[in-house]
Amino acid sequence: MDRRASPADIATSSVYLDGIPHEGFTAIRETEGLVWHPYGPIGDGNGERNGFWAVARHADVREVSRNPEVFSSAVGHTNLWDLEADALEARRSLIDSDAPDHTRLRRVVSRAFTPRNTRNWEGMAREIAAELVDAFVAGGGGDWVAQVAAPLPIRVILAILGVPLEDADYLVELTNHLVEGTGDGPSLPDDAYGNTTPTRLLPFNSPASHALFEYAERMRQLRLADPGADLVSGLLEAEADGERLSANEYRNFFQLLVFAGNETTRTAMVHGALAFAEHPEQWAELCHDPSLITRAVDEVIRWATPVLHMRRTASCDTELAGTSIAAGDKVVMWYAAANRDPTVFEDPFRFDVTRVENPHFAFGGGGPHFCLGAFLARMEIQVLLEEMVARNVVLQPRSAPVHLASNFVHGVASLDLGVAS
Amino acid sequence: MNDLVQLTVDEDRCIGVGQCELLEPEVFCLSDEDTISRVVDGAVLDRARALAVVEGCPNMAISVKA
Ligand code: HEM
Ligand code: SF4
């Protein structure tokens, strides 16, 4: 079968060292139908066979997201690479299951993350944000990632989970290793953290997942013996349709939360801070009219698009954008491209905190997997910006951000920012 | 003309995101028990707002009652 070849490389992780390849995405968006993108080593021909359909237009991402019967999360999985059946089963969690398993799991965990519940955590998050911003200002600026954007979300999610604060640095370290697992770069030795499980069975192929599982198990024992008001206790008690989370479901979900609730929100806070530093008029506008806050938060999230893509796998022969897709084909939704689609966003490459129409897909294009933490992430970003507005903190760029070589998370390793006095 | 409509939630589709309750707290109530959104008895909305909340549900669980 003849497949239209992708006009640009958007899959090689090192491409992202220069930031999102927006020109490439624009070329793909403007190509009629869908394009087929190679993945993996190209020379031996496998790259062509292991490739994927690149979905870049907003309307098409929406279509894929909202048809989970056709575009499955459980057949194959939701990252670009393929897994063997046993690895897939061992790793299975919320994000790579389909109904009815997904529906059951999601209901067990979603009660904690409704807007109403999220509000209960706002005071805690605000205190943490205020403390970190004060320290950053007192130090005259520095690495925004290490000093504010990384510690804030991890401290919030750990507080929600009921994990002791002194373990925060250790968990940040583990999740950093998980992100490395999505890049091409060297990662940990297979036996790091005393791991003995073959890494292909572990989330992100990373021995750090083993360490996270061990940590999760320790928390489980602790809370089973001595339940509290925290989320881990809640999860252990929660039932859906008379069933509890199995030990395996619990630890996979624990690891998913620590990862998903952390790296993503951090990334939004990094790109947000950089955008405000580079567009001081936008910051002035927000400070002048704090009622813009909710729009500003969503614009920061659109601008950052922390999760660059999610994958689905066609469960049957189908068609999208006039292109035939065969059962078993990988279909990859590039949120990074959908969030710059000019047919949906006016002047998409402008950072604009007053944007009214902003139906971005940074939390997914809808459908059952829509980000569980969307309200939590928005709340965290909002309290951070509010605490900065309250202190009249004006950030200034000092040097270019150091991007991660990842085609999955729009990550930044470090970002040096100054504070105007 | 004030065109008021009633909404329903498909309990098999609802994943308990709570977008509906956020948009229209008077109309939707998420049950703490089973995390399924329910429409408050007798609640109505004008058509434009109803369509916005139908569109706002990420899992297409809400529809306008015929
Ligand atoms: C700005 C920050 C965040 C971004 C950009 C983000 C993005 C995403 C995306 C794109 C998905 C997949 C959606 C899909 O496949 O349709 C997702 C799913 C998920 N997110 Fe987030 N996320 C963020 C913050 C959080 C937080 C704070 C949590 C912690 C509770 C979280 C937990 C999850 C979970 C558990 C899933 C899987 C849901 C499922 O499969 O049913 N996320 N997120
Ligand atoms: S927005 Fe949709 S999925 Fe979410 S709680 Fe309301 S009805 Fe359920």
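R266(A) is buried, with a relative accessible area of 5%. Buried here means under 20% relative accessible area, exposed means over 50%, and partly exposed lies in between (1.4 Å probe, protein chains only). The residue belongs to helix α14 of chain A, residues 263-278. Helices (H or I, at least four residues) and strands (E, at least two) are DSSP runs, numbered from the N terminus. Residues up to four places away in sequence aside, R266(A) touches V145(A), A149(A), A150(A), P153(A), V172(A), T175(A) and N176(A). Contact means heavy atoms within 4.5 Å.

## Basis of the model

This is a predicted model, in which local features need pLDDT of at least 70, side-chain atom pairs count only at pLDDT 80 or more, and totals for chains, interfaces and linings use all residues. Residues are numbered from 1 along each chain as its sequence is written, chains are lettered from A and ligands numbered from 1 in the order in which they are written, and side-chain values use heavy atoms, with hydrogens and water left out.

## Val232 and Arg223

V232(A) sits in helix α12, residues 231-237 of chain A. Its relative accessible area is 0%, so V232(A) is buried. Beyond its neighbours within four places in sequence, V232(A) contacts L161(A), M219(A), R223(A), Y250(A) and F254(A). M219(A) and V232(A) are 13 residues apart in sequence, and their C-alpha atoms are 7.5 Å apart.

R223(A) is part of helix α11 (residues 207-225) of chain A. At 15% relative accessible area, R223(A) is buried. Its contacts, with neighbours within four places left aside, are G162(A), D230(A), V232(A), S233(A) and L236(A).

## Val61 in helix α3

V61(A) lies in helix α3 (residues 58-65) of chain A. It is buried, at 0% relative accessible area. Not counting residues up to four places away, V61(A) touches V55(A), M333(A), W334(A), Y335(A), A338(A), F361(A) and G365(A). D341(A) is 280 residues from V61(A) along the chain, yet their C-alpha atoms are separated by 11 Å.

Helix α5 of chain A spans residues 101-110. Nine of its ten residues are buried, so the helix is largely enclosed by the rest of the structure. Among the buried residues are R104(A), R106(A) and R107(A).

P100(A) lies in the loop between α4 (85-91) and α5 of chain A. The peptide bond from A99(A) to P100(A) is cis, with omega near 5°.

## Positive phi angles

T305(A) is not a glycine, but its phi is positive, near 35°. It occupies the loop between α16 (293-304) and β7 (309-314) of chain A. T305(A) counts as buried, at 1% relative accessibility.

A321(A), also not a glycine, has a positive phi of about 50°. Its loop runs between β8 (318-320) and β9 (323-325) of chain A. A321(A) is partly exposed, with a relative accessible area of 34%.

## Ligand sites

The iron atom of ligand 1 has a single protein donor, SG of C371(A), 2.3 Å away. Donors are N, O and S atoms within 2.8 Å of the metal (3.2 Å for Na, K and Ca); water is not among the atoms, so sites may look incomplete. C371(A) lies in the loop between α17 (335-338) and α18 (374-390) of chain A.

Around ligand 2 there are 13 residues, of which C14(B), V17(B), G18(B), C20(B) and C57(B) come nearest. A residue is near a molecule if one of its heavy atoms lies within 4 Å of it. The shell divides into nine nonpolar, four polar and no charged residues. Ala, Val, Leu, Ile, Met, Phe, Trp, Tyr, Cys and Pro count as nonpolar, Asp, Glu, Lys and Arg as charged, and the others, Gly among them, as polar.
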